[in-house]
Amino acid sequence: MWLDESAVDRCFLDSEISDYPLCLLCVIGEKRGGKSSLLNYILRALHRLEKGQPVSLGEDDEALKGFHWRSGTNSVTKGIWIWSRPFILERNREKMAVFVLDTEGSLDIESDRETCIKLSALSMLLSSYLIFNVSGSLKTTELDYLEMYLHVSELTGESFSLQYLQNLNILVRDWQLDDNCGREAAKSYIEHETEKLCKSAKNHRVLETLRSPSVSGFLLPHPGKSFLRSSQGRLSDMDDDFRNHLTTYVSDLVEGVWLHHKTNVHGERITCGHLGQTLKEFVRTLQREHFSFASPVEVIV
């Protein structure tokens, strides 16, 4: 596991922003699950908010740019990538830096499991708002991986006095079980999944997490065949239902970033400089540690 410390210095430790409080948005999930394209719509919305413009996902025929993405089955993102600069927002004379992180497929069973665990633990520790991106439904494999990530994040987060999971949003893509989508539909779905986990003998940390008030969800419908065939990410290629729900999801998230300051275990806001130094120390810790679970059953409760 390797860290580009010059990027950390540039993003977090620059003298102009090192004393700013921050919000860090991150997404984890399966490879080729639309994580990078989702973050690019979030980048668009943040860019407009930073300029004092109404939040939107852009023009109808505007090609999607930002984090590298493409249609197909092969993953593009390797490791964890941070957007080249933070978005500096100001409200009531207070400034905040908003960072956006993209990750490789953290649920890719073909990849090295220990690498997946470390990357996801790092994502959990860094983020103040973590999106768990899944396709279709919450499957057993995803719950198993999440159990391992929570375990490692809890162990390592305690060493750095950081809340290891402040806000978790479960975003279910390509929802097709019924016609109900959105936030309230996701709330009912998560409650249903929680009831199922209560009857299971494993995934205790996931169950505890899903019961937490810091967990939310959103169900997104399928974007439509025209969007999947296109490699441009244009809004005009989306089915109307998907576009409307995506707009609601991104707008609510971006307009609510002030609610998601990064804090320590005492609930106190931390600064960009503090998180930058912690990031360096955390990666050094991960480089020394060895985490390998054949399955969540090996995770000590």
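**Close-up views of a predicted model**

We're looking at a predicted model, where local features need pLDDT of at least 70, side-chain atom pairs count only at pLDDT 80 or more, and totals for chains, interfaces and linings use all residues. Residues are numbered from 1 along each chain as its sequence is written, and side-chain values use heavy atoms, with hydrogens and water left out.

**View A. An edge-to-face pair: Trp175 and Tyr189.** The structure holds 4 aromatic pairs. In this one, the ring centres of Trp175 and Tyr189 are 4.9 Å apart and the planes are at 65 degrees, so the pair is edge-to-face. To pair, rings of Phe, Tyr and Trp (its six-membered ring) need centres within 6.5 Å; planes under 30 degrees apart are stacked, over 60 edge-to-face, and the rest tilted. Trp175 sits in the loop between β6 (168-173) and α5 (183-198), while Tyr189 is in helix α5, so the pair ties together parts 14 residues apart in sequence. Helices (H or I, at least four residues) and strands (E, at least two) are DSSP runs, numbered from the N terminus.

**View B. Arg85 over the ring of Phe87.** Here the charged end of Arg85 is 4.9 Å from the centre of the Phe87 ring. The cut-offs for sitting over a ring: NZ of Lys or CZ of Arg within 6 Å of the ring centre and within 35 degrees of the ring normal.

**View C. Strand β5 and its neighbours β1 and β6.** In β5 (residues 129-135), 6 of the 7 residues are buried, so the strand is largely enclosed by the rest of the structure. β5 pairs with β1 (residues 22-29) in the parallel sense over 5 bridges; strands pair if DSSP finds at least two bridges between them. Gly29 stands opposite Asn133 of β5. β5 and β6 also run parallel, joined by 6 bridges, and Ile131 has Asn169 in β6 as its bridge partner.

**View D. Ser123 in helix α3.** At 1% relative accessibility, Ser123 counts as buried. Leaving out residues up to four places away in sequence, Ser123 touches Cys26, Ile28, Ile80, Thr103 and Leu130 (contact means heavy atoms within 4.5 Å). A word of caution: helix α3 (residues 113-126) has the lowest confidence in the chain, with a mean pLDDT of 76 (the predictor's confidence in each residue, from 0 to 100).

Terms used: Buried < 20%, exposed > 50% of the residue type's maximum accessible area, 1.4 Å probe, protein only.
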